[in-house]
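Here is a briefing on a predicted model. Please keep the sequence and structure open while reading.

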Amino acid sequence: MEKGNILDIDRATKSFGGIKAVDGVSFSVKKGQIKALVGPNGAGKTTLFNIITGLYRADSGDVLFEGKKLFSYKPHELVKLGISRTFQNIQLVDTLTVKENIALGLHSKVKSNPIYAIFRLNRKQEKEVFEKVNKVSKFLKIEEYLNKFPNQVPFGIKRLIEIARALVSEPDLLLLDEPAAGLNEDETEFLLKSIFRVWEQGISILLIEHDMEFVTNCSHSIVVMDSGKKIAEGLPSEVMNDYRVVKAYMGE
Amino acid sequence: MKESTGTYVLIALFFFSGFLIKNPFILNMISIAALTVIVVMGLNLLLGYAGQVSLGHAGFVALGAYVSSILSIKFNLNPWLSILISSLLTFVFAMIIGFPTLKLKGHYLAMATLAIGEIIYIFANNLVDLTGGHQGLTGIPMLSVGNFVFDNERKFFFFVWLVVLFFTFLSFRIVNSHFGRALRAIHEKELAALSFGVDVHLYKVVIFSLSAFYAALAGGLYAFYLGFISPSSFDLLKSINYVVMVFVGGIDSIFGSLIITVVLASLPNILTFLQDYWPIVNGLLLVVAAIFMPKGLGGFIRWKREIF
């Protein structure tokens, strides 16, 4: 069955000084697809991610989300459109409990300003937020950690908390930045299962990953980048045997 | 115990100590300290919760004090009304200058806010016709409600602690809310906050203006309590004092900043032999706090979280 694209990246280019970190990269993510973006260190994967999420402004090119040009939105407006992300370096707030950290994912759904805070006008909405937090944490099986602080939980759980925070807003597109980095085998396996369960909910996923095995296990399609350029795209089995990919990873 | 409960108990203790303390000098000292508490509490929202430094808060206190005094002396406005107007004007002023300033980060923000404070100080010193220059402004009327005049230290003491109570209540409501959690996220993980829909810049401007409002209101009360203000009460050292109080009292601890502010604002009056060296004491305190208690005094206390 042919489905439309949820995300189109069209000749995105970004340079820092004289270095082209991302150089004319184009690809699309189809609805309901798990797409992986791989490449050696310094290939420009994270830069591309930051372009998609609006943290960097691309020099040229376009990113379309369901046909809407993302560059006309501010970074904090993307989550309303239905895009949410996790970070390569865990970005949990240490002074907030796990529960509150996940609730941050629903920030834009609740009216928030000092007047509302002082008169507690959004109590009901906040209650709904925490109900959703409970639901998503049950889904990812992290409910026992909810009242702890992020520095009191194991590393693997922190990743899941990040995913929970991204999921709680019920996005259409989930961006995962190296979700398996630093995880042991058990944790990686659990993460893999979680990603599939997220995908079963109909959420499209774009993930960056180093671990080729992890990528071939979980994604429908792979884009390989090297030195800012896209060098291959296709099914995991095709890409793994592409000589350019082998060259990028192993050398000549 | 929740932090808010602890803090309200502390405020009640201070309030009722007003019945026991006979010495007007001490009452006066603690009243002035309580006004400082209001400024520091506002600064803590900005510095402790949202993580944005301001070295110009004495400037906002000055704005509150001067604008309200001038309104009531030159335009014969009711003192209460003039305090309110000056605080709101300061709020708007902080919003306007905060918009460009808060795009800066770290040291650059510190320098810009320092400049704001200094500019206000220089204006207070040099607009002699309006402010009386470095000789100060006198003849500020006393606060009164009907026939009840706040004419002695004790009356004002009780009143000012009620005002502290009010601002503490505001602070806790703000901190323990959706808005407050977003502030903490901005403090620690700005990128994450941005990615999850927090309009980081706007939030910074809002909390900056709100803390300027706290400062201006305290400044207004200060002017009408003393009946005399001069620029030397609002110089750069004062701004630095406020920042030290937030750090030593405990970043993101309302309880800590309350108790430490009362102590640090009173000490120079008790240890009079140290008065000339107070900036050194302050510097030492900041160093000691940074090394031995990076989370400040408040960091030692584990409160129960207020949560659903």
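**Chain A against chain B**

A:E126 and B:R181 form a salt bridge, with 2.9 Å between the closest N and O atoms. The rule finds one salt bridge across the interface of chain A and chain B. Everything here comes from a predicted model.

- The contact involves 38 residues of chain A and 28 residues of chain B.
- Between them, the two chains bury about 3,400 Å². Carbon and sulfur atoms carry 64% of that area.
- Three residues stand out on the chain A side: A:H76, A:H107 and A:I118. They supply 18% of the area that chain A buries against chain B, more than any other three residues.
- Nine residue pairs are in polar contact across the interface of chain A and chain B, with both residues at pLDDT 80 or more.
- Which elements of chain A give two or more residues to the side that touches chain B? They are β6 (83-85), α3 (98-104), α4 (114-119), α5 (123-139) and α6 (155-167).
- By class, the side of chain A that touches chain B has 18 nonpolar residues, 11 polar residues and nine charged residues.

**Two domains in chain A**

- Domain 1 of chain A covers 1-82 + 171-252, and domain 2 covers 92-170.
- Taken over C-alpha atoms, the centres of domain 1 and domain 2 of chain A are 26 Å apart.
- In chain A, 19 residues of domain 1 are in contact with 14 residues of domain 2.
- The two domains of chain A bury about 1,400 Å² between them, and 70% of this lies on carbon and sulfur atoms.
- A:P171, A:F190 and A:R197 supply 33% of the area that domain 1 of chain A buries against domain 2 of chain A.

**Polar pairs and elements between the domains**

- How many salt bridges does the rule find across the interface of domain 1 and domain 2 of chain A? The rule finds zero.
- Four residue pairs are in polar contact between domain 1 and domain 2 of chain A, both residues being at pLDDT 80 or more.
- On the side of domain 1 of chain A that touches domain 2, α2 (78-81), β7 (173-177) and α7 (185-200) of chain A each supply at least two residues.
- The largest share of that side comes from α7(A), with six residues.
- The class count for the side of domain 1 of chain A that touches domain 2 is 11 nonpolar, three polar and five charged residues.

**The four-stranded sheet of chain A**

- Four strands of chain A form an open sheet in the order β2-β1-β4-β5, with antiparallel pairing.
- The edge strands are β2 (19-30) and β5 (68-69) of chain A. Each has a single partner strand, so one side of each is left without a neighbour in the sheet.
- Strand β1 (residues 5-16) of chain A is joined to β2(A) by eight bridges, and the two run antiparallel.
- One bridge pairs A:F16 with A:I19 of β2(A).

**The ends of α10 in chain A**

- A:D242 caps the N-terminal end of helix α10 (residues 243-250) of chain A. A side-chain oxygen of A:D242 lies 2.9 Å from the backbone nitrogen of A:R244.

Technical notes
Residues are numbered from 1 along each chain as its sequence is written. Chains are lettered from A and ligands numbered from 1 in the order in which they are written. Side-chain values use heavy atoms; hydrogens and water are left out. Contact means heavy atoms within 4.5 Å. Buried area is the accessible area (1.4 Å probe) that two parts lose on being put together, summed over both. A salt bridge is a side-chain nitrogen of Lys or Arg within 4 Å of a carboxyl oxygen of Asp or Glu. A polar contact is a pair of N or O atoms within 3.5 Å; within protein, one must be able to donate a hydrogen and the other to accept it, and residues adjacent in sequence count only if both atoms are side-chain atoms. Ala, Val, Leu, Ile, Met, Phe, Trp, Tyr, Cys and Pro count as nonpolar, Asp, Glu, Lys and Arg as charged, and the others, Gly among them, as polar. Domain bounds come from an automatic or database domain assignment. Two strands pair if DSSP finds at least two bridges between them.
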